[in-house]
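Q: I'm new to this one. Can you walk me through it, starting with the terms?

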Amino acid sequence: MSVPLSRSYGSDFLLTMATIAQNTSSLLYSLRQRGVALLPFTLALFIFLWYSLVWAGDLRAFILPTPDLVLSRFVEAAGDGSLLRHTMVTLSEVLGGLVLGVSVATLLGYLLAKSQTLERLLSPYIVASQSIPTVAIAPLLVIWFGPGLTSKVLICALIVFFPILINTIVGVRAVPADLHDLMRSLKATRWQTFWLLEVPAALPVFLGGLRIGATLAVIGAVVGEFVGADRGLGFLINVGRGEYDTALVFVAVFTLMFMAMGLYGLVVLLEWRLLGWQRRESQETINY
Amino acid sequence: MNHSPILSASQLSTTFQNSNGGLHVLDKISFEIGAQQFVCVLGPSGSGKSTLLRVLAGLLAPSQGEVKIKGQALTGPQNGVAMVFQNANLMPWRSVCQNIRLPLELDGVNAKDAAARSGELIELVGLGGFDDVLPQDLSGGMAQRVAIARALVQDPDLLLMDEPFGSLDAITRDQMGGELLKIWSVHNKTVVMVTHDINEAVYLADRVLVLSDRPAKIVLDLDIDVPRPRKEQVRYTPEFGEFARQLREAIGGREISI
Ligand SMILES: Nc1ncnc2c1ncn2[C@@H]1O[C@H](COP(=O)(O)OP(=O)(O)OP(=O)(O)O)[C@@H](O)[C@H]1O
Ligand SMILES: [Mg+2]
């Protein structure tokens, strides 16, 4: 008797999990629907909790500064132009890294997707290179290319490379064989097949990779600046920490956060513009 | 009717490589199709009908044998040959009219002419007003009609159709069959159409080829001598029934008695 019993427990369990998953996803969905309207309240709650933490713990400013302290530090840093200067440095590293990483990864990904031989030849190296944490090679890049822009751009590019590469390969491989047959039967040129079939068909998966890449690039820049730099938001964090100017650290962290969110938002906007045709079906299912 | 062969297949064999010695799908298939003939291909599921059509379209090189179109050995897809795939095979990011226009776009036809011609065909397949609808918002039958329009827009001499009415309901199916007959007779086209509907084959075709189970051979090559134009009523005549019976027997559909 124990076997069917446990089996029925098993299926019950699965059923429950499925229901929970379903309810959770619909909950998340309705939360997102209401999220925008609730934003002022959640923000107020967040700031309230922050203040309470400082007061309740009797924390000193260099451990956890109060929100108003961070705000006044922000006004100060924004006022003397230093925040903007450092932000622009980091932003150019991020954008440079994105452009470099995305273009190399897309090109290589396309070639790998089209050529089994090339993939078999290169994929062991790509996987091996990916198992080295970027943080670990960042010092090397700074030694080789100096503490300036180049080393940071390279670190960003490296960190962005893999998700873009993989998503390009997956996207291009997933183009339906029947549509390739259609293009062949219509005697389309390679170029026409590329632009009219492969690009639009691979775009959803590719842009999914770009979402990840955009936020990773910001991490890459900060990692690079931690290792060796004399400017940038990562550098600013280091300075703030060294001088017990924790409010400055917070200012830099928030700026980085907004930068990453902005880039992510740009990609989402791009998806919205380019993938209008699948808006209805997949916005809720494909979500990184 | 002019019966010089527009298409001839000789000794076509196709074997797909797989782990246990290859899957033999087509077995020395030979036939000739005269210009402006309407030929239907019947056969059990999985017998190789789609494979045969892909070979005729130049999409798949046969393992043996050759296909000639207008006397020329086939080496790849040909101008003047259009294919309707078994699934509608539309581009999901293109609207109905953009899908229909694709062949013209690839040929570099200017936008104005392309719009005019795709407009005509949208009307013809009964999708007027659906120009800007995306494939995801079409029913299966509507999608198939778009696929038919996309083939017709190329104004092909030879139309290869793989179960083009597969997901249509009986009524629409008959309607589309009638439309196809009209296009075929007015525009001097040659049609090779795969179907699994025996009555449809008898109603539409000049000639029906019946394929056997895998590996597919031609087990019956039947001329349907029913005068044209064929009226709806022809479906209920004894000779029609006799053709249908012969075809059913050749396919090997077992008698079902209740
Ligand atoms: N590219 C391919 N590679 C390997 N096997 C294939 C390939 N295409 C078709 N086959 C096999 O060949 C056989 C015939 O397939 P085909 O699609 O031609 O059948 P069909 O007669 O069109 O069937 P249906 O009526 O179900 O559409 C099937 O067993 C199929 O698995
Ligand atoms: Mg088939």
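A: A salt bridge here is a side-chain nitrogen of Lys or Arg within 4 Å of a carboxyl oxygen of Asp or Glu. This is a predicted model, where local features need pLDDT of at least 70, side-chain atom pairs count only at pLDDT 80 or more, and totals for chains, interfaces and linings use all residues. Residues are numbered from 1 along each chain as its sequence is written, chains are lettered from A and ligands numbered from 1 in the order in which they are written, and side-chain values use heavy atoms, with hydrogens and water left out.

Q: How many salt bridges over all chains?
A: The count comes to 22 by that rule.

Q: Which residue does A:Arg173 pair with?
A: The side chain of A:Arg173 meets that of A:Glu119, at 3.2 Å from N to O. A:Arg173 lies in helix α6 (residues 149-173) of chain A and A:Glu119 in helix α4 (residues 116-130), so the pair ties together parts 54 residues apart in sequence. Helices (H or I, at least four residues) and strands (E, at least two) are DSSP runs, numbered from the N terminus.

Q: Is A:Arg173 buried, exposed or partly exposed?
A: A:Arg173 counts as partly exposed, at 36% relative accessibility. A:Glu119 is partly exposed too, with 23%. The cut-offs: buried is under 20% relative accessible area, exposed is over 50%, and partly exposed is in between (1.4 Å probe, protein chains only).

Q: Now chain B. What does B:Arg245 bridge to?
A: B:Arg245 forms a salt bridge with B:Glu249, and the closest N and O atoms are 2.8 Å apart. Both sit in helix α7 (residues 238-251) of chain B; they are four residues apart, so about one helical turn separates them. B:Arg245 is partly exposed at 39%, while B:Glu249 is exposed at 55%.

Q: And B:Glu179, what is its partner?
A: B:Lys182, at 3.7 Å from N to O. This pair is three residues apart in helix α5 (residues 170-186) of chain B, so again about one helical turn lies between them. B:Glu179 is partly exposed, with a relative accessible area of 25%.

Q: Switching topic. Which protein donors does the magnesium ion have?
A: The magnesium ion (ligand 2) has B:Ser50 (OG) and B:Gln86 (OE1), lying 1.9 to 2.2 Å from it. B:Ser50 is in helix α1 (residues 49-56) of chain B and B:Gln86 is in the loop between β6 (81-84) and α2 (96-106), so the two tie together parts 36 residues apart in sequence. Donors are N, O and S atoms within 2.8 Å of the metal (3.2 Å for Na, K and Ca); water is not among the atoms, so sites may look incomplete.

Q: How accessible is B:Ser50?
A: B:Ser50 is partly exposed, at 23%. B:Gln86 is partly exposed at 39%.

Q: Back to chain A. How many helices and strands?
A: Chain A has 11 helices and zero strands. Buried residues make up 37% of its 288 residues.

Q: Which residues form the nonpolar patch on the surface?
A: A:Leu53, A:Leu59, A:Phe62, A:Ile63 and A:Tyr244, with about 500 Å² of accessible area together. Patches take residues with over 30% relative accessible area and no salt bridge; like charges are joined within 9 Å, nonpolar side chains (Val, Leu, Ile, Met, Phe, Trp, Tyr) within 5 Å. Accessible areas come from the Shrake-Rupley method with a 1.4 Å probe, and for residues only the protein chains shown count as cover.

Q: Where is A:Ile63?
A: A:Ile63 is in the loop between α1 (2-57) and α2 (67-79) of chain A. A:Ile63 is partly exposed, at 48%.
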